[in-house]
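Work through the exercises below with the sequence and the coordinates at hand. Each task is followed by a solution in steps.

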Amino acid sequence: MASCATTAFSYDSNTLEVTIISAEDLRQGRHHVGRGAFVTVRSGQSVASTASGTDDTHGYPLWNERLHINAPPHGGWIQVDVAKRRHGDATNSVHIASAKIPMSDFAYGPIGYKHFLSYRLRDQEGRSNGIVNLCVRRLARNGEAQFHGEKYAMGYPVAPVGVGYSAYHKY
C-alpha cells in the first residue's frame, strides 16, 4: 500500500507517519497534471515516496498512502515535493511544486494524535501551484499510535450549564 525508501524500517520516538491524501489544482504550465504524479517526503536523511497510481484526475490527484519518515530530533522542516513521471520512469521526472512544513505545526498533542493539514504548494519560481492535503502523526517506539481519546480532552472552556451571559458580565 505505502511505499517507503527503506525496506527494514526501525521505529523510534521521532518516527512520523505522513498520509498523503490528495492535491488540488496542480498545474504543469497551463495544463492540469494528469497521470504519473507522485509525492516525495523528505526530512533530513529520511526520504519516502508515493506510487504514481493516480488516474487522469484533471489536476486533483488522489493517493491516500501512508509514508514513514524519521523526523529531525530538534525540530526543523519536512519537505513535500510533487513531481510527475515521464513515460513511467521514476528517474526521469519533472518537478511540479513543493512545500516546506515546520515541525511545530504538528508537535503538540499526544503521541498518535492525527493532524490533518493543507499546505499551499509553490513551483520553482515561488508562484502558487495548488494545495496538498495530508495527515501527520507521531508514532511510539513500537511503530503504533498510543493515542486513546478517552484519556485526553482538548477544547476551549465554555460556560457551565445553567449559567447565562449575565453571570459573566456586570451591567
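The exercises proceed from the whole chain to single residues.

**Conventions**

This is a predicted model, in which local features need pLDDT of at least 70, side-chain atom pairs count only at pLDDT 80 or more, and totals for chains, interfaces and linings use all residues. Residues are numbered from 1 along each chain as its sequence is written, and side-chain values use heavy atoms, with hydrogens and water left out.

**Exercise 1. The chain as a whole**

Task: Determine the secondary structure content of the chain, and state what percentage of its residues count as buried.

Solution.

Step 1. Assign the elements as DSSP runs, numbered from the N terminus: helices are H or I runs of at least four residues, and strands are E runs of at least two. The chain then has zero helices and 10 strands, and its pattern along the sequence reads β-β-β-β-β-β-β-β-β-β.

Step 2. Classify the residues by relative accessible area: buried is under 20%, exposed is over 50%, and partly exposed lies in between (1.4 Å probe, protein chains only). Of the 171 residues, 37% count as buried.

Step 3. Compute the accessible area by the Shrake-Rupley method with a 1.4 Å probe; for residues, only the protein chains shown count as cover. The chain exposes about 10,700 Å², and carbon and sulfur atoms supply 50% of this area.

Step 4. Take a contact to be heavy atoms within 4.5 Å. Among contacts between residues at least 6 apart in sequence, 63% join residues at least 24 apart.

**Exercise 2. Salt bridges**

Task: How many salt bridges does the chain hold, and which parts of the chain does the pair Glu17 and Arg137 link?

Solution.

Step 1. Apply the criterion, a side-chain nitrogen of Lys or Arg within 4 Å of a carboxyl oxygen of Asp or Glu. Side chains of opposite charge can pair when their charged atoms come close.

Step 2. The count comes to five salt bridges. One of them joins Glu17 to Arg137, with the closest N and O atoms 2.8 Å apart. This pair links distant parts of the chain, since Glu17 belongs to strand 1 (residues 15-24) and Arg137 to strand 10 (residues 128-138), 120 residues apart.

Step 3. Check the burial of both partners. Glu17 counts as buried because its relative accessibility is 8%, and Arg137 is buried because its relative accessible area is 16%.

Step 4. Turn to Asp123 and Arg127, which form a salt bridge with the closest N and O atoms 3.3 Å apart. Salt bridges with shared partners join Asp123, Glu125 and Arg127 into one network. Within it, Asp123 is buried, because its relative accessible area is 17%.

**Exercise 3. The surroundings of His68**

Task: Is His68 buried or exposed, and which side chain does its own side chain contact?

Solution.

Step 1. Locate the residue: His68 is in strand 6 (residues 62-70).

Step 2. His68 is buried, because its relative accessible area is 17%.

Step 3. Search for polar contacts, which are pairs of N or O atoms within 3.5 Å; within protein, one atom must be able to donate a hydrogen and the other to accept it, and residues adjacent in sequence count only if both atoms are side-chain atoms. The side chain of His68 makes such a contact with the side chain of Glu17 at 3.5 Å. The Glu17 side chain also has a polar contact with that of Arg137, at 2.8 Å.

**Exercise 4. Positive phi angles**

Task: What are the phi value and the location of Asp25, and of Asn64?

Solution.

Step 1. Asp25 has a positive phi of about 55 degrees although it is not a glycine. Asp25 lies in the loop between strand 1 and strand 2 (27-28), and it is partly exposed because its relative accessible area is 32%. Its side chain meets that of Arg27 in a salt bridge (3.5 Å, N to O).

Step 2. Asn64, also a residue other than glycine, has a positive phi near 55 degrees. Asn64 is placed in strand 6 and counts as partly exposed because its relative accessibility is 46%.

**Exercise 5. Charges over rings**

Task: Which residues lie over the faces of Phe38 and Trp77?

Solution.

Step 1. Require NZ of Lys or CZ of Arg within 6 Å of the ring centre and within 35 degrees of the ring normal.

Step 2. Arg85 lies over the face of Phe38, at 4.1 Å from the ring centre, and Lys100 lies over the face of Trp77, at 4.9 Å from the ring centre.
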